[in-house]
Amino acid sequence: MAKLVKSIYTGSDVTALGETTSADQLEGRYAVEVATLTDGATITPDFGANQNFEVTLGGNRTLANPTNVVVGQTGSIFVAQDATGGRTLSFGSNWEFPAGTAPTLSAGANAVDRIDYIVRSSTSIHAVFTGAYA
């Protein structure tokens, strides 16, 4: 996972750079980009590369267990139907949804759904599904 780097100022000059620690605080706005996942029969997010993702499904797909998981990481995955719609998404074994039931995607052409997640352990990703964004 990428590390944040801080500047250490003396007067008006940067005198050093160092990694942030738990004592540091972020000031101002901070946002993580939304990275595009490659559509394919199996879609495997790399949680070491980003936290937030988007993908447009061109067929029935599987969202595999992600690589490089970090306990406590949170994020969102935007799942869009292509212009045909009706695409399905199954999930790797580490994805856990309320009541143990994986969601059914919105089926309309160009429909957008969202999966929010938090990594509980290396083999447990708690996820919540919100469908039919307009």
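Let me begin with strand 7 (residues 74-81), which is joined to strand 10 by 7 bridges, the two running antiparallel. Strands here are DSSP runs of E, at least two residues long, numbered from the N terminus, and two strands pair if DSSP finds at least two bridges between them. Within this pairing, G75 has Y117 of strand 10 as its bridge partner.

A word on the source. This is a predicted model, in which local features need pLDDT of at least 70 and side-chain atom pairs count only at pLDDT 80 or more, while totals for chains, interfaces and linings use all residues. Residues are numbered from 1 along each chain as its sequence is written, and side-chain values use heavy atoms, with hydrogens and water left out.

Strand 10 (residues 112-121) also pairs with strand 11 (residues 124-133), antiparallel, over 8 bridges. A hairpin of 2 residues connects strand 10 to strand 11. Along this pair, D116 is bridged to V128 in strand 11, and V112 stands opposite Y133.

Is T36 buried or exposed? T36 is exposed because its relative accessible area is 61%, and exposed means over 50% with a 1.4 Å probe, protein chains only. The T36 side chain makes a polar contact of 3.2 Å with that of E54; such a contact is a pair of N or O atoms within 3.5 Å, and within protein one must be able to donate a hydrogen and the other to accept it, with residues adjacent in sequence counting only if both atoms are side-chain atoms. T36 and F53, 17 residues apart in sequence, are 5.6 Å apart in space, C-alpha to C-alpha.

Conventions. Helices (H or I, at least four residues) and strands (E, at least two) are DSSP runs, numbered from the N terminus. Buried means under 20% relative accessible area, exposed over 50%, partly exposed in between (1.4 Å probe, protein chains only).
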